[in-house]
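Please keep the structure in view while reading.

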Amino acid sequence: MASRICAQLAQVVVFVLAARMLTAAEFGTYTLILAIAILLTRIAEAGSREFIMSCREDASLFNQIGTIALASGAVAMVVGLIVSGAINHFFEMKLVADILAIFSVWVVFATFSAVYAGVLVRQSRSEMHSILLMAGEGIGLVITLAGLFAGWGIFALAVGKLVMQITYLFSAMRVTRWIPQPRLQLVIVKELVAFSRYILATRMVAYFHTYAVTFVIGIFFGTASVGYYRVAERLGSSFADMMDEPSRLIAWVSLRRAARDNQSPVDLKRSVGHEATLLLPFLLALAAPIFIGLALVSEQLVVLLLGEQWHPAAPLTALLALMYMLYSPAVLTEPILSLTGQVQRLPLISLCNVAVALAFLLIAVPFDIMGVAIGQVTAATITVCITVWLQSHYGGVDWKQVSANSVIILPALIAMIAGIVWIARFSLPLTWGLALQIFVGAVVYSSVIATLYVFFFKTSNLFAWKRARVPSESNL
């Protein structure tokens with residue numbers, strides 16, 4: 001958790017400074033090149049980290065996994081360098097070619113690092129893995145900032161990412177005191193391929209869900225539009241990432257406690273669904289004001305953090321904030337289905353959600369970039385309907401009860417919106433105006449929802465079912 005928070009903070013610092021120092025076209029170019037590098041890394045990694053965490057204890061096997069990872073990373077690097085050379089030769093885009101060449105080298109280190117991450121987790125040294133990640137992020141941040149202030153432009157971002165990965169890899173080598181000996185057997189290659197194909201397929205689905213918009217906008221609207229969209233997406237995802245990880249962790253702990261051993265499948269589904277029904281209103285009560293508040297203050301926030309040149313990203317930020325709010329209930333889907341024995345449903349549902357997002361993306365292409373953002377919000381609306389059905393049908397979640405317990409969120413949101421809009425009517429300096437809007441919105445929302453909670457739930461038996469024991473199959 002600490003490593004993730006540190007990584008998020010480092011990325012936010014780099015993001016804000018880079019956006020202030022780079023043009024939208026430069027930022028968009030970097031985003032597109034990074035998306036290509038991540039694709040190469042996803043393919044090269046496959047499931048090597050997961051395989052080494054779950055395979056039998058065998059030094060020879062570990063050496064072969066390391067050899068395969070290094071070889072696949074090298075192949076991916078060569079592919080990247082060939083594409084880089086072709087871009088330089090045929091299109092004379094030297095900047096793009098040079099950045100892609102740097103990221104092609106990064107792919108090797110990232111792929112090999114995945115093996116060491118698996119080794120550290122296998123050795124029950126997750127804390128050390130986190131420390132090494134934080135050290136890498138810290139050194140990468142210093143290099144990136146130094147490069148930005150030295151005028152390197154997007155080279156600073158690429159070099160900082162490469163230095164971060166190199167730092168982690170060599171630190172992990174020193175900590176584990178293990179360097180793979182080059183060995184390879186065809187039977188192990190087949191075993192790894194068989195193990196990794198489903199992991200790779202799932203990650204490819206997730207990859208295209210995340211980056212399809214980037215490529216489509218780059219192709220049809222240009223790199224500047226990619227920059228604006230990526231900035232808006234990054235602002236929304238910063239809040240989503242900080243909320244998702246704690247929510248997922250709390251969900252796993254709480255739902256795992258509810259999933260008692262030796263329960264029948266029916267009782268297990270009922271217990272997990274009951275606990276998830278209690279958790280979801282709190283998740284919605286946290287997510288709704290954050291993302292609706294972000295949508296309301298997006299214009300001031302973008303201009304204050306990034307500068308007036310990024311003003312076109314403000315309406316995109318407002319729309320994508322609503323998209324992230326709609327996605328928030330899906331955080332509980334994985335633990336719910338995993339604990340109820342329905343985890344095999346996840347790949348198909350993920351593919352369905354990606355198909356919906358891609359369909360609306362293609363429908364929105366004839367329109368401008370705002371149309372693309374509206375299309376993604378529409379796709380998220382359909383996705384949340386799928387999530388509700390999935391959690392209800394396979395996870396035992398009572399969404400009617402979730403809706404009833406969440407009813408107090410609506411008047412609190414209306415009061416918060418009214419307070420923020422009222423403050424916006426005054427002619428205040430940008431910083432003070434934004435700070436006051438956030439403060440008033442937070443105070444009004446928390447006061448109203450706390451009052452309503454006490455009045456409706458604490459003083460009546462409407463919420464008494466919360467304390468009731470979940471009935472078992474034998475009591476029905």
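Rings of Phe, Tyr and Trp (its six-membered ring) count as a pair if their centres lie within 6.5 Å; planes under 30 degrees apart are called stacked, over 60 edge-to-face, and the rest tilted. One aromatic cluster is formed by F15, F27, Y228 and W310. The model is a predicted one, where local features need pLDDT of at least 70 and side-chain atom pairs count only at pLDDT 80 or more, while totals for chains, interfaces and linings use all residues. Residues are numbered from 1 along each chain as its sequence is written, and side-chain values use heavy atoms, leaving out hydrogens and water.

The structure has 14 aromatic pairs. Two of them are set out below.

| Pair | Centre to centre | Angle between planes | Class |
|---|---|---|---|
| F51 and F195 | 5.1 Å | 65 degrees | edge-to-face |
| F103 and W106 | 5.8 Å | 85 degrees | edge-to-face |

Helices are DSSP runs of H or I with at least four residues, numbered from the N terminus. F51 belongs to helix α3 (residues 48–54) and F195 to helix α8, so their pair ties together parts that are 144 residues apart in sequence. Buried means under 20% relative accessible area, exposed over 50%, and partly exposed in between (1.4 Å probe, protein chains only). F51 is buried, at 4% relative accessible area, whereas F195 is partly exposed, at 30%.

F103 and W106 are 3 residues apart in helix α5 (residues 94–122), which separates them by about one helical turn. Both F103 and W106 are buried.

How do α2 and α8 cross? The axes of helix α2 (residues 24–45) and helix α8 (residues 186–221) come within 10 Å and cross at roughly 165 degrees. Because angles over 145 degrees count as roughly antiparallel (axes are lines fitted to C-alpha atoms over the stretch in contact, with angles from 0 to 180 degrees between N-to-C directions), α2 is roughly antiparallel to α8. Contact means heavy atoms within 4.5 Å. Residues of α2 in this contact include T31, L32 and A35, and those of α8 include L200, R203 and M204. By class, the contact of α2 with α8 has 11 nonpolar, 3 polar and 3 charged residues (Ala, Val, Leu, Ile, Met, Phe, Trp, Tyr, Cys and Pro are nonpolar, Asp, Glu, Lys and Arg charged, and the others, Gly among them, polar).

T67 is placed in helix α4 (residues 59–91). With 19% relative accessibility, T67 counts as buried. Apart from neighbours within four places in sequence, T67 is in contact with P180, Q181, P182 and R183.

Notes:
Helices (H or I, at least four residues) and strands (E, at least two) are DSSP runs, numbered from the N terminus. Angles under 35 degrees count as roughly parallel, over 145 as roughly antiparallel, 65 to 115 as roughly perpendicular and the rest as oblique.
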